Amino acid sequence: MDHSIVARENGRHAGELEALNPWGDRPPECFLFDLEIQNIFNRLVGKVAGGRIEINFDLRCDGLWVKAHRRILVSVLRHLVRNASEAMRNERRLSVRTRPAENGMLRLVVVDSGPGFDEKVYPLLFKKNTTTKGERRGSGLMFVRQMVEKNMGGKIRALPPEPG
């Protein structure tokens with residue numbers, strides 16, 4: 001499954017993920033986007049999946065700085081890694097790509113080797129109580145969308161696996 005997160009870039013050399021800080025009064029931090037993305041994914045795969053996922057990085061926002069609430073970004077990515085880890089079977093791979101995008105945005109694309117969902121699920125994926133995992137599940141991606149769109153000023157979408 002492919003999750004794309006788009007964040008605003010502010011100026012020529014800096015990106016800004018606009019964020020309200022629901023976890024305290026810490027101000028946003030500045031960091032190199034690609035370096036932080038790589039560090040976050042490496043830590044999360046170790047914690048969430050016990051290191052049992054191969055990660056392939058293709059990072060092309062070299063030298064672009066982002067001003068954002070790191071905790072929000074980590075929370076969003078933790079949900080994506082956990083969902084990917086639960087969905088993947090024998091082949092356990094994540095592909096993580098970053099790119100400068102249109103209108104001063106930065107794009108983060110996460111693709112896992114899981115089977116994806118029934119096509120009827122995609123329009124409902126970010127709505128409350130949508131789950132393929134059983135009872136008491138189905139709010140994680142709804143919260144991810146809220147964090148990305150409301151707190152980070154970005155967009156998120158899920159796409160079906162590419163054929164082949």
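**Figure 1. Salt bridges in the predicted model.** The structure holds 6 salt bridges, each defined as a side-chain nitrogen of Lys or Arg within 4 Å of a carboxyl oxygen of Asp or Glu. Side chains of opposite charge can pair when their charged atoms come close. This is a predicted model, in which local features need pLDDT of at least 70 and side-chain atom pairs count only at pLDDT 80 or more, while totals for chains, interfaces and linings use all residues. Residues are numbered from 1 along each chain as its sequence is written, and side-chain values use heavy atoms, with hydrogens and water left out.

**Figure 2. The pair of glutamate 29 and arginine 70.** In this salt bridge the closest N and O atoms of glutamate 29 and arginine 70 are 2.3 Å apart. Helices (H or I, at least four residues) and strands (E, at least two) are DSSP runs, numbered from the N terminus. Glutamate 29 is partly exposed at 33% relative accessibility, and arginine 70 is partly exposed at 22%. Here buried means under 20% relative accessible area, exposed means over 50%, and partly exposed is in between (1.4 Å probe, protein chains only).

Figure 3. Aspartate 58 pairs with arginine 60, with 2.9 Å between the closest N and O atoms. Aspartate 58 is partly exposed, at 24% relative accessibility. Glutamate 91 forms a salt bridge with arginine 93, where the closest N and O atoms are 1.9 Å apart. Glutamate 91 has a relative accessible area of 45% and is partly exposed; arginine 93, at 33%, is also partly exposed.

**Figure 4. The largest nonpolar core.** A nonpolar core is a set of buried Ala, Val, Leu, Ile, Met, Phe, Trp, Tyr and Cys residues joined through side-chain atoms within 4.5 Å. The largest one has 39 residues, of which Ile37, Phe41, Leu77 and Leu94 touch the most other members. Elements that each supply at least two residues of this core include helix H1 (33–48), H2 and strand E6 (93–100). The largest share, 8 residues, comes from H2. Leaving out residues up to four places away in sequence, phenylalanine 41 touches Ile55, Phe57, Leu77, Val81, Leu94, Val96 and Val110, where contact means heavy atoms within 4.5 Å.

**Figure 5. Surroundings of threonine 98.** Threonine 98 belongs to strand E6 and is buried, with a relative accessible area of 0%. Its side chain makes a polar contact with the side chain of aspartate 34 at 2.5 Å. A polar contact is a pair of N or O atoms within 3.5 Å; within protein, one must be able to donate a hydrogen and the other to accept it, and residues adjacent in sequence count only if both atoms are side-chain atoms. The threonine 98 side chain also reaches the backbone nitrogen of arginine 60, at 3.0 Å.

Figure 6. Lysine 127 sits in the loop between E7 and H3 and is partly exposed, at 47% relative accessibility. The C-alpha atoms of lysine 127 and leucine 141 are 7.5 Å apart, although the two are 14 residues apart in sequence. Among the buried residues of H3 are Leu141, Val144 and Met147. Glycine 153 follows H3 and has a positive phi, near 70 degrees.
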